Amino acid sequence: MPALKFSASHITPQTGKTILVTGANSGIGYQAALELARHGAQVLLGVRDEAKGAGALAKLKAAVPGALATVVSLDMASLASIRRFAESFVGELDVLINNAGVMALNSRELTADGFERQFGTNHLGHFALTGLLMPALLRAPAPRVVTVSSLAHRNGKIDFSNLQSERKYVPWDAYNTSKLANLMFALELNRRAAAEGSSLLSIPVHPGISRTAIFANGPGADDMKARIVKLLAPVMTQSDEAGALPTLYAATSPDAKGGEYIGPDGFNHFRGSPAPERPRAQALDEAVAKELWNVSEQLTKVAYPAMQ
Ligand SMILES: NC(=O)c1ccc[n+]([C@@H]2O[C@H](COP(=O)([O-])OP(=O)(O)OC[C@H]3O[C@@H](n4cnc5c(N)ncnc54)[C@H](OP(=O)(O)O)[C@@H]3O)[C@@H](O)[C@H]2O)c1
């Protein structure tokens, strides 16, 4: 439990650490990268769009002169891109922040590998990236993997007969499933690391409801849920800076614990300061988590190495 309300000013010096943030060109990922760079980390901004990456880096460097930040090409909807990045990575990776995401796309789109885009980007891409970067993570003295889930996991269901909306596509259902998968993956990774006596901590987080581009990029303008969020934004939502705090707490705090789910502590966990909370029951089903892990290994063809 954080001893006090965590804010960016509580981040301890991160000098000497290398931290990768996926989807770092906007929203929560950008804010996390910015604060980590401000506190001295070497930050890798994983992006799928070079021009957006260059824009984000210029903004970050203007805010933090001398920042140790670079853009890396990393499309979470392409296993080839993920493999290319992981194979080119040398050295230690102290923290991996699995943040990139897409939400409630109007129609069933596919990734480069033929996966439903939300499940493929949000879950399978990060499952593959984490497995392929495991040797680099394990070279670090106290590695952490932070995975960004969502309140949406509450409505998620892992239905192995419709995991990628093959039988039926409902935009929000596909998002809910992908975010439940993020949470189950993070918890299962932590269980496996602990069982193997690894020093790696896996920490799931969520940003409550934060005002970012994801609402405009995902659901159509006529989407009811997005319209309600927009209407209630002033009372229900928080800034992207505040939304990044659970991520920053999990990535940096000496108090953070593996397997603890961190989100905002306010009403219904929509906004507030980072604090541990209990995931919904379906996220805690260890048998389903194991099966999801096996299916994810088969789909991505990424087998996790021993975590020692
Ligand atoms: N905002 C919220 O209220 C909220 C609530 C719960 C959970 N979350 C989660 O928070 C995370 C960050 O979202 P956000 O709210 O900060 O929205 P955002 O500003 O739209 O950020 C999403 C980031 O993911 C990137 N991305 C999407 N597909 C990608 C791909 N194939 N490869 C690499 N990067 C990709 C986007 O890049 P482009 O700019 O190129 O699209 C963008 O940088 C997501 O996982 C989301 O599910 C957000």
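Alanine 142 sits in the loop that runs between helix H4 and strand E5 (144-148). The model described here is predicted. Alanine 142 has 11 C-beta neighbours inside 10 Å and therefore counts as exposed, the cut-off for that class being 12 or fewer. Serine 198 lies 56 residues away from alanine 142 along the chain, yet the two C-alpha atoms are separated by 9.3 Å.

## Surroundings of the ligand

The shell around the ligand consists of 32 residues. Gly23, Gly27, Gly101, Thr212 and Ile214 are the closest of them. Classified by side chain, the shell holds 12 nonpolar, 16 polar and four charged residues.

Three helices each contribute at least two residues to this shell: H1 (27-38), H4 (117-138) and H6 (214-217). The largest share comes from H1, which supplies three residues.

## Helix H1 against helix H9

Helix H1 also packs against helix H9, which spans residues 245-252. The two axes come within 9 Å and cross at roughly 45 degrees.

On the H1 side the contact involves Ile28, Ala32, Glu35 and Leu36, which meet Thr247, Leu248 and Ala251 of H9. The residues of this contact comprise five nonpolar, one polar and one charged. As for H9 itself, eight of its eight residues are buried, so this helix is largely enclosed by the rest of the structure. The buried residues are Leu245, Pro246, Thr247, Leu248, Tyr249, Ala250, Ala251 and Thr252.

## Valine 21 in strand E1

Valine 21 belongs to strand E1, residues 18-22. It has 35 C-beta neighbours inside 10 Å and so counts as buried, the threshold being 20 or more. Beyond residues up to four places away in sequence, valine 21 touches Gly29, Ala32, Ala33, Val43, Leu45, Gly46, Ile97 and Asn99.

Leucine 36 is 15 residues from valine 21 in sequence, with a C-alpha to C-alpha distance of 9.9 Å. Leu36 is one of the H1 residues that meet H9, and Ala32, which valine 21 touches, is another of the H1 residues in that contact.

## Helix H4 and its partners

Helix H4 packs against helix H5 (residues 171-195) at an angle of about 20 degrees, the axes being 7 Å apart. Since angles under 35 degrees count as roughly parallel, H4 and H5 are therefore roughly parallel to each other. The crossing of H4 and H5 is right-handed. From H4, the contact draws on Gln118, Phe119, Asn122, His123, Phe127 and Thr130; from H5, it draws on Ala174, Tyr175, Thr177, Ser178, Lys179, Ala181, Asn182, Phe185 and Leu189. By class, the contact of H4 with H5 contains seven nonpolar, seven polar and one charged residues.

With helix H10, the arrangement of H4 is as follows. The axes of H4 and H10 come within 10 Å and cross at roughly 80 degrees. That angle lies in the range of 65 to 115 degrees, which makes H4 roughly perpendicular to H10. Leu124, Phe127 and Ala128 of H4 meet Ser296, Leu299 and Thr300 of H10. Four nonpolar and two polar residues make up this contact of H4 with H10, with no charged residues. Phe127 takes part in the contact with H5 and also in the contact with H10.

Asparagine 268 lies in the loop between strand E7 (261-264) and strand E8 (274-277), and it is exposed, with 11 other C-beta atoms within 10 Å.

Lysine 301 is placed in the segment after helix H10 (286-300). With 11 C-beta neighbours inside 10 Å, lysine 301 likewise counts as exposed.

How values were computed:
Residues are numbered from 1 along each chain as its sequence is written. This is a predicted model: local features need pLDDT of at least 70, side-chain atom pairs count only at pLDDT 80 or more; totals for chains, interfaces and linings use all residues. A residue is near a molecule or strand if its C-beta atom, placed from the backbone, lies within 6 Å of it. Helices (H or I, at least four residues) and strands (E, at least two) are DSSP runs, numbered from the N terminus. Ala, Val, Leu, Ile, Met, Phe, Trp, Tyr, Cys and Pro count as nonpolar, Asp, Glu, Lys and Arg as charged, and the others, Gly among them, as polar. Axes are lines fitted to C-alpha atoms, for helices over the stretch in contact, and angles run from 0 to 180 degrees between N-to-C directions. Two residues are in contact if their C-beta atoms, placed from the backbone, lie within 7 Å. Angles under 35 degrees count as roughly parallel, over 145 as roughly antiparallel, 65 to 115 as roughly perpendicular and the rest as oblique. A crossing is left-handed if the near helix is turned anticlockwise from the far one by less than a right angle, and right-handed if clockwise.
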